[in-house]
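Here are my notes on the two-chain model you asked about. Have the coordinates open while you go through the points.

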Amino acid sequence: MPTEVLVPPLGQTVDVVKLVSWYKNEGDAVHQGEPLFVIETDKATLDVEAPASGILRRVTAVPGDDVKVLSAIAMIAGVSDDADEQRSGRAEEHPITPAPLPPSPPAPDRLFISPRARCLAETEGIPLAQVKPTGPEGAIIERDVRAYLQGAGIGDQGSGGRDQGTGVRGQGTEDGGREVPGNITPVARRIAEEAGLDWRVLAGTGPRGQITREDVEAALERRSRGAEEQGSGGAEAHPASNLQPPTSNFQPPASSLQLSGIRAVIAGRMVTSHSRTAPVTLTAEADATALVELRRQLVADGVGVSYNDLFLAILAKALREHPRLNASLDGETIKLWERIDIGLAVDAEHGLLVPVVRDVDRKGLAQLAVETKALTGRARAGKCTPDELAGGTFTLTNLGTFGIDAFTPIINLPECAILGVGRIKTRPTWIADRVEPRQMVWLSLTFDHRLVDGGPAARFLQRVAQLVERPHLLMA
Amino acid sequence: MTQMSIAEALRQAIREEMRRDPTVFCIGEDIGIPGGFGGAFTVTLGLSDEFGHDRILDTPISELGLTGVAVGAAMAGLRPIADVQYSDFLYLAMDQLANNAAKMRYMSGGTVKVPLVMRAPVGATARGAQHAQSMETFFCHLPGLKVVAPATAYDAKGLLKSAVRDDNPVIVFEHKLLYGSKGPRTEKGALSPVGEVPDEEYLVPIGKGIIRRPGKDVTIVGKLLTMYRALAAADILAQDGIDAEVIDPRTLVPLDKELILESVRKTGRLVIVEEDNLTGGWAGELAAIAAEEAFFWLDAPIKRVSAPDVPPPFAPVMEQFYVPSAERVVAAVKALF
């Protein structure tokens, strides 16, 4: 079963990217998950991994080409797919081979698609491997192609054809192969599609979990009831607005907020970070008993430090020793920063703000305490200057005060990494051969694997954990 | 408008044509004998009272003989309406129909016309293997014959009148369960559709099919009894959200190909329902036409719902299994979604 190599979708606004280079040549063996090619957007370059293992075939784009997202630029042929080509190749080399080759077994993974669906797919330029088959015997039929068109937002909305309106992007199956037809009765499917309801999210109550007419009608009832309570028919009104991804339920929102201003900025940055980095999160548990005691003594002695201040100091020391984590990616250049300017995630009233504490490594705890207090106060009051919110080299985010143990922070682009600090909690812990109550904390480090590998990042986190456990080393 | 059965509509068509044209006459077995049924299914009942035994000709039980007389009369300028009691008996008349009626016009370079009508009842009706076959396919295969298969009273009258006026031999297949024959010729389990027939003169052109039920999800083609099976299936399918279009071709040769292809291009699916045996059947021919001419419009395999490749069984329960049911049509259609 050949797998199409697709240009990945990048964020919501990127339609075309530049193909920078291939890591593999046509005919090379590739392994699923290894970097296959490099693309460049207006903001970054990024490796794209091979979607399957096999032989790279039918490469249609060369470095420098502008390629559309979701377009196929090559195929990865499975070994069995390749057998025919290899066989014919061998036959030419050894034309007198007497023994006839055994007939090739029927390819179990060939694509089944109705002529009508194939015509439509070819007209629209749709990669068939991406279309989810729901037809008889697992074949792709017209409605599947139309569902894909709708989902990809390139459909002929006005054609009035039937079987439209699922609003669901056809999702390729995991192996790109065949799948049982949609587990829904025809009448249920029709009712759902006519009402613009995404039946794929429904739980079926029929035989073998089949979605029945009753299931669909119940979902529609829930939807309309929600719409009435909202005092508007809004939920019903736009079944055709399928460009939005399907929501997970059919209740109308309790209230609606415009995605604008700071919310829009946050949304844009987060999705960019999430889609354009190669984030990996490492977690480690550290014994913060000594850190808790250190803070108690400092506060008792009149130095009003927060845990954030202590973590800033710890990070500053660790970053000085691990400069690869104090870095940013600028185009194709990884920049290692001399200064250590750490952003501090602040839960302000209108959303997340990250004011930056400058030169953290050059400041004592007392100064850090004063500065961060003023800085976070200005952030919460919405009075930070743009300069105070830009130019960080690393970010610290602390959800411990909310009782969160561990999480997967999102990298604050263009930085390399972010440390998430969980709550400090007394837990029974083995010390040598006995259990003691210790103040434990989870540390969550998310780093961009494009800039740094797992080993250096792990060593950095290990050092941070060590400084948490033995804060006197901050003096060393 | 008058409500009437197919048997009555056919009788009215013959009566009108015989009144209109003195060259029209009927020939068959027991079609006009006193105290008879008026043919096997009452179509010619009472016609000998009006037209006499010179124009309602009863013959010995010799299908080859009566067909030969009819073909000869047609070649000589008369317009015979011949009939056999059961279409199964057409095998006995095959030489006259296949070698003479179908070929004379070609062999004579068009100078000899054969304006013959041959009526023949088809369908399994608890009479066993030799009185139950559906013979349409054989005659569709013979160039030179036209073949019609009316399933309603309106079409029966209009098509028979067109057949009488056609200068080529026309085989008219009629279904025993659709006649609406009365009295001792009442058929068990008959549908006997009664339909409106205009009081004024009209013709149904040979070669024109009709959409019996418009739909957009699947095209089901049925003729004679199976057209009704298709309609029943469409009703069941509608409850399941499948909107079936039912087409009655009415004429099998020449086929209203474009009507069927247009429907298939719309729905993307084709199911053909036929009472005849599967192999080499009319359904297969339609499937081939659709595959050749509408392949790229198909969204699912073409499906035939036919009788299995065995003779029609005599046991009623076996016969019910043999003749395609609405349920079988429903199952075939659902498998395409």
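1. Residues are numbered from 1 along each chain as its sequence is written, with chains lettered from A and ligands numbered from 1 in the order in which they are written.

2. Confidence first. pLDDT is the predictor's confidence in each residue, from 0 to 100. Chain A averages 79, with 78% of its residues at 70 or more. Residues 153–181 of chain A fall below 50, yet this stretch has 64 contacts in the model beyond near neighbours in sequence; a contact here is a pair of residues whose C-beta atoms, placed from the backbone, lie within 7 Å. Residues 232–248 of chain A also stay under 50, and there the model has 25 contacts beyond four places in sequence. Where pLDDT is low, the predicted coordinates should not be read in detail.

3. Now the overall make-up. Chain A has 11 helices and 18 strands, and chain B has 12 helices and 14 strands; these are DSSP runs numbered from the N terminus, helices being H or I with at least four residues and strands E with at least two. Of the 476 residues in chain A, 36% count as buried; for chain B the figure is 55% of 337 residues. Among contacts between residues at least 6 apart in sequence, 61% in chain A join residues at least 24 apart. In chain B, 77% of the contacts with a separation of 6 or more come from residues 24 or more positions apart.

4. As for B:Val172, its partners beyond four places in sequence include B:Val117, B:Met118, B:Leu159 and B:Ala163.

5. In H4 (94–101), the buried residues are B:Gln96, B:Leu97, B:Asn100 and B:Ala101. They fall within an arc of 115°, so they line one face of H4(B); the arc is that of the directions from the helix axis to the C-beta atoms. That face packs against helix H3 (63–75), helix H5 (104–107) and strand S5 (117–122) of chain B.

6. The other one is H9 (257–267) of chain B, where B:Ile260, B:Ser263, B:Val264 and B:Thr267 are buried. Their arc is only 100°, which puts them on the same side of H9(B). Among the elements covering them are strand S13 (270–277) and helix H10 (282–293) of chain B. Just after H9(B), B:Gly268 has a positive phi of about 80°.

7. Most residues other than glycine have a negative phi, and most peptide bonds are trans. The bond from A:Leu413 to A:Pro414 is cis, with omega near 0°, and A:Pro414 lies in the loop between strands S16 (394–398) and S17 (417–431) of chain A. B:Val253 to B:Pro254 is cis too, with omega near -5°; B:Pro254 is in the loop between strand S12 (251–253) and H9 of chain B.

8. Is A:Glu137 buried or exposed? A:Glu137 is exposed, with 12 other C-beta atoms within 10 Å, and has a positive phi of about 55° although it is not a glycine. B:Thr42 also has a positive phi, about 70°, but counts as buried, with 23 C-beta neighbours inside 10 Å.

Notes:
Predicted model: local features only at pLDDT ≥ 70, side-chain atom pairs only at ≥ 80, totals over all residues. Contact = placed C-beta atoms within 7 Å. Buried ≥ 20, exposed ≤ 12 C-beta atoms within 10 Å, placed from the backbone.
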